[in-house]
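Me: I've got a model open on my screen and would like to talk it through. Can we start with the surface and work from there?

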Amino acid sequence: KQGLLVALKNVHTLAEAITTTILHSEQRIAWGAAARARQMRHFTLRAMLQKTAALYNAVFQNNETHSI
């Protein structure tokens, strides 16, 4: 878990989430560490370049099989 989700336009729940985040520093630090770890796994430059290249390859392969 990397944080809290709050429903759109739910001001009361948003206020509770903000209060929880402020009052529980250990949880806030753990969420930050989990988010950082996820970012390092999935959103590094290398990972993004590999995903982009794979997408382009898939699009080009699909176009080659459907060309006239």
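Me: Which residues form a nonpolar patch on the surface, and how much accessible area do they have together?
Reply: Bear in mind that this is a predicted model. The patch is made up of Val6, Leu14, Ile18, Ile22 and Leu23. Taken together, their accessible area is about 470 Å².

Me: How many helices and strands does the protein have, and is it compact or spread out?
Reply: There are 3 helices and 0 strands, running α-α-α from the N terminus. The radius of gyration is 20 Å, whereas the globule rule gives 11 Å for 68 residues, so the protein is more spread out than a compact globule. Along its principal axes, the C-alpha trace spans about 60 × 30 × 15 Å.

Me: What share of the residues counts as buried?
Reply: The accessible surface comes to about 6,000 Å², with 63% of that belonging to carbon and sulfur atoms. Buried means under 20% relative accessible area. Of the 68 residues, the share that counts as buried is 4%.

Me: What about aromatics: which rings pair up, and is the pair stacked or tilted?
Reply: The structure holds 1 aromatic pair. Its rings belong to Tyr56 and Phe60, with centres 6.1 Å apart and planes at 35°. Planes under 30 degrees apart would count as stacked, so Tyr56 and Phe60 are tilted.

Me: Which residue lies over the face of Phe43?
Reply: Here we're looking for a charge over a ring, which requires NZ of Lys or CZ of Arg within 6 Å of the ring centre. At 5.5 Å from the centre of the Phe43 ring, the residue over its face is Lys51.

Me: What is phi of Lys9, and is the residue buried or exposed?
Reply: Most residues other than glycine have a negative phi. Lys9, in the segment before α1, has a positive phi near 65°. With a relative accessible area of 77%, Lys9 is exposed.

Note on methods. Residues are numbered from 1 along each chain as its sequence is written. This is a predicted model: local features need pLDDT of at least 70, side-chain atom pairs count only at pLDDT 80 or more; totals for chains, interfaces and linings use all residues. Side-chain values use heavy atoms; hydrogens and water are left out. Patches are made of residues with over 30% relative accessible area and no salt bridge: like charges are joined within 9 Å, nonpolar side chains (Val, Leu, Ile, Met, Phe, Trp, Tyr) within 5 Å. Accessible areas come from the Shrake-Rupley method with a 1.4 Å probe; for residues, only the protein chains shown count as cover. A salt bridge is a side-chain nitrogen of Lys or Arg within 4 Å of a carboxyl oxygen of Asp or Glu. Rings of Phe, Tyr and Trp (its six-membered ring) pair if their centres lie within 6.5 Å; planes under 30 degrees apart count as stacked, over 60 as edge-to-face and the rest as tilted. A charge sits over a ring if NZ of Lys or CZ of Arg is within 6 Å of the ring centre and within 35 degrees of the ring normal. Helices (H or I, at least four residues) and strands (E, at least two) are DSSP runs, numbered from the N terminus. Buried means under 20% relative accessible area, exposed over 50%, partly exposed in between (1.4 Å probe, protein chains only). The radius of gyration is taken over C-alpha atoms; the globule rule is 2.2 Å times the number of residues to the power 0.38.
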